[in-house]
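Welcome, and thanks for taking a look at this one. Please keep the sequence and the 3D view open as you read.

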Amino acid sequence: MNITFRLNGKEVTVEARPDKRLSAILRDDLNLKGIRKGCGTGYCGSCIVLMDDLLVSSCLIPAFAARHKSIITIEGFSQTKEFSDILTGFKEANVHLCTYCAPARILSTAYMLRKNIMPTEEQIVDNISAVQCRCSSFSHLKRGIVQASIHLNKRKNNG
Ligand code: FES
Ligand code: FES
């Protein structure tokens with residue numbers, strides 16, 4: 001079937017089986033390599049995208065459920081000022097992310113900060129657990145998210 005959705009602000013149509021996973025459509029058919037191949041079961045978070053402003057694991061979304069949705073991947077999000085704020089915050093806190101998890105980590109941070117620009121420690125810890133990683137420092141990540149929220153807040157307050 002033809003599946004039409006908005007991808008990073010532009011309408012796209014792909015031919016796919018209705019049960020084909022969105023992660024496979026984005027990565028294999030549309031060449032968006034920021035979608036990582038991971039568990040395929042919704043556990044690791046490495047295929048995270050924003051769909052209608054909600055954070056979803058794209059490996060759990062069948063093609064038919066993506067119809068007429070607005071999907072943002074890291075390729076689109078990296079063009080935003082929010083992306084720069086998050087990157088700056090992470091750098092200041094010495095957050096070192098590998099290329100495998102960086103897209104998902106940045107998108108999940110953006111999602112949380114859109115909902116709550118000054119998150120509580122509990123919300124930050126909860127957010128960090130959305131993307132599985134045993135190699136980056138947990139305390140650096142926490143600090144990085146706080147720094148990112150400060151930059152986002154500052155920019156918003158300056159109009
Ligand atoms: S590949 Fe989608 S959550 Fe792991
Ligand atoms: S999986 Fe990327 S830093 Fe751990």
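This is a predicted model: local features need pLDDT of at least 70, side-chain atom pairs count only at pLDDT 80 or more; totals for chains, interfaces and linings use all residues.

The report below goes through the domains, the interface between them and the salt bridges.

## Where the domains meet

Let us turn to the interface. The size of an interface is often given as the accessible area lost when the parts come together. Here domain 1 and domain 2 bury about 1,500 Å² between them, and carbon and sulfur atoms account for 67% of that area. In terms of contacts, 18 residues of domain 1 touch 16 residues of domain 2.

Six residue pairs are in polar contact between domain 1 and domain 2, both partners being at pLDDT 80 or more. On the domain 1 side, the elements that give two or more residues are strand S3 (48-51), strand S4 (54-57) and helix H2 (74-77). S3 supplies the largest share of that side, with three residues. By type, the residues on the domain 1 side comprise ten nonpolar, five polar and three charged.

## The salt bridge across the interface

Side chains of opposite charge can pair when their charged atoms come close. Between domain 1 and domain 2 the count is one salt bridge. Asp53 and Arg114 form a salt bridge, with 3.6 Å between the closest N and O atoms.

How accessible are the two partners? Asp53 has a relative accessible area of 54%, over the 50% cut-off, so Asp53 is exposed. Arg114, with a relative accessible area of 39%, is partly exposed.

Arg114 has another partner to look at: the side chains of Glu82 and Arg114 meet in a salt bridge at 2.9 Å, N to O. Glu82 lies in helix H3 (residues 81-92) and Arg114 in helix H4, so this pair too links distant parts of the chain, 32 residues apart. Glu82 has a relative accessible area of 13%, which is under 20%, and therefore counts as buried. Together, Asp53, Glu82 and Arg114 are linked in a network of salt bridges.

## Salt bridges in the structure

How many salt bridges does the structure hold? The count is seven. One of the salt bridges joins Lys20 and Asp29, whose closest N and O atoms are 2.9 Å apart. Asp29 is partly exposed, at 38% relative accessibility.

How values were computed
Residues are numbered from 1 along each chain as its sequence is written. Chains are lettered from A and ligands numbered from 1 in the order in which they are written. Side-chain values use heavy atoms; hydrogens and water are left out. Contact means heavy atoms within 4.5 Å. Buried area is the accessible area (1.4 Å probe) that two parts lose on being put together, summed over both. A salt bridge is a side-chain nitrogen of Lys or Arg within 4 Å of a carboxyl oxygen of Asp or Glu. A polar contact is a pair of N or O atoms within 3.5 Å; within protein, one must be able to donate a hydrogen and the other to accept it, and residues adjacent in sequence count only if both atoms are side-chain atoms. Helices (H or I, at least four residues) and strands (E, at least two) are DSSP runs, numbered from the N terminus. Ala, Val, Leu, Ile, Met, Phe, Trp, Tyr, Cys and Pro count as nonpolar, Asp, Glu, Lys and Arg as charged, and the others, Gly among them, as polar. Buried means under 20% relative accessible area, exposed over 50%, partly exposed in between (1.4 Å probe, protein chains only).
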